[in-house]
Amino acid sequence: YGVYTSFQPRRRRGYFFAAMQTKVETMNEAVREILRECELLSGHGVTEEELAWAKRFFTGSLPLQLETNDQLAQKLLEQEFFGLEDRFWLRDLEKMRDVTAAQVLDFAKRRIRPESFAVVVLADFRKQALELARES
């Protein structure tokens, strides 16, 4: 099973996306946990350790997205579609080094708003009902 989040850029307005795969018996707990983590992120930000880990992950994974012809073509299409400068991906890596925890918190407060999330669940609801009520 897994969990991930991403921002999906669009020309006019993008969106934040959180997804996971879990057993139907644990879906309520898992959905609550994602919501809780998003609330923590938008309310308190990240620790310096978390930020350092994210920087290492981002800078280490971007080159892996440029290994095949398909991946290179995808990045070139994104670059053209969004009107990005030629050295965008390299500059992205350079900018990542300078990101601060305070900037992450500011961004998260503006862009991650769990109270307005739309929750979509694909499950066999004969086995388990979805309960979105938040625990206190």
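**Entry: Leu77**

I looked up Leu77 and found that this residue counts as exposed, at 57% relative accessibility. For the cut-offs, I noted that buried means under 20% relative accessible area, exposed means over 50%, and partly exposed lies in between, with a 1.4 Å probe and protein chains only. Leu77 has its place in helix H3, residues 69-82. Helices here are DSSP runs of H or I with at least four residues, strands are runs of E with at least two, and both are numbered from the N terminus. I also checked how far Leu77 is from Asp106: they are 29 residues apart in sequence and 30 Å apart in space, C-alpha to C-alpha.

**Entry: what kind of model this is**

This is a predicted model, so I kept in mind that local features need pLDDT of at least 70 and side-chain atom pairs count only at pLDDT 80 or more, while totals for chains, interfaces and linings use all residues. Residues are numbered from 1 along each chain as its sequence is written, and side-chain values use heavy atoms, with hydrogens and water left out.

**Entry: the whole chain**

I went through the secondary structure of the protein chain and got five helices and two strands. Read along the sequence, the pattern is β-β-α-α-α-α-α. The C-alpha trace spans about 50 × 35 × 30 Å along its principal axes. Of the 136 residues in the protein chain, 20% are buried. I then looked at contacts, meaning heavy atoms within 4.5 Å. Among those between residues at least 6 apart in sequence, 60% join residues at least 24 apart.

**Entry: the two strands**

How do S1 and S2 pair? Strand S1 (residues 2-8) and strand S2 (residues 15-21) pair in the antiparallel sense, over seven bridges. Two strands pair if DSSP finds at least two bridges between them. S1 and S2 make a hairpin, and six residues sit between them. I picked out two partners: Tyr4 stands opposite Ala19 in S2, and Thr5 has Ala18 in S2 as its bridge partner.

**Entry: the core**

Which residues make up the largest nonpolar core? I listed five in all: Phe16, Ile34, Cys38, Ala108 and Ile112. A nonpolar core is a set of buried Ala, Val, Leu, Ile, Met, Phe, Trp, Tyr and Cys residues joined through side-chain atoms within 4.5 Å. In soluble globular proteins, nonpolar side chains tend to be buried together.

Ser42 lies in helix H1, residues 27-44. Is Ser42 buried or exposed? Ser42 is buried, with a relative accessible area of 14%. Not counting residues up to four places away in sequence, Ser42 touches Leu105, Ala108, Lys109, Ile112 and Pro114.

Leu40 is also found in helix H1. I noted Leu40 as partly exposed, with a relative accessible area of 33%. Leu40 and Ala108 are 68 residues apart in sequence and 9.7 Å apart in space, C-alpha to C-alpha.

**Entry: H2 against H4**

Two packed helices are described by the angle between their axes and the distance between the axes. For helix H2 (residues 48-61) and helix H4 (residues 88-98), I noted an angle of about 170° and axes 10 Å apart. The axes are lines fitted to C-alpha atoms, for helices over the stretch in contact, and angles run from 0 to 180 degrees between N-to-C directions. H2 and H4 are therefore roughly antiparallel to each other, the word for angles over 145 degrees.

Where do they meet? Lys55, Phe58 and Thr59 in H2 meet Asp92, Leu93, Met96, Arg97 and Asp98 in H4. By class, that contact has three nonpolar, one polar and four charged residues. Ala, Val, Leu, Ile, Met, Phe, Trp, Tyr, Cys and Pro count as nonpolar, Asp, Glu, Lys and Arg as charged, and the others, Gly among them, as polar.

Glu80 lies in helix H3 and counts as exposed, at 66% relative accessibility. Glu80 and Tyr1 are 79 residues apart in sequence and 35 Å apart in space, C-alpha to C-alpha.

Leu84 is in the loop between H3 and H4. I have Leu84 down as partly exposed, with a relative accessible area of 21%. Leaving aside neighbours within four places in sequence, Leu84 is in contact with Glu78, Gln79 and Trp89.

Definitions and conventions: Parallel < 35°, antiparallel > 145°, perpendicular 65-115°, else oblique.
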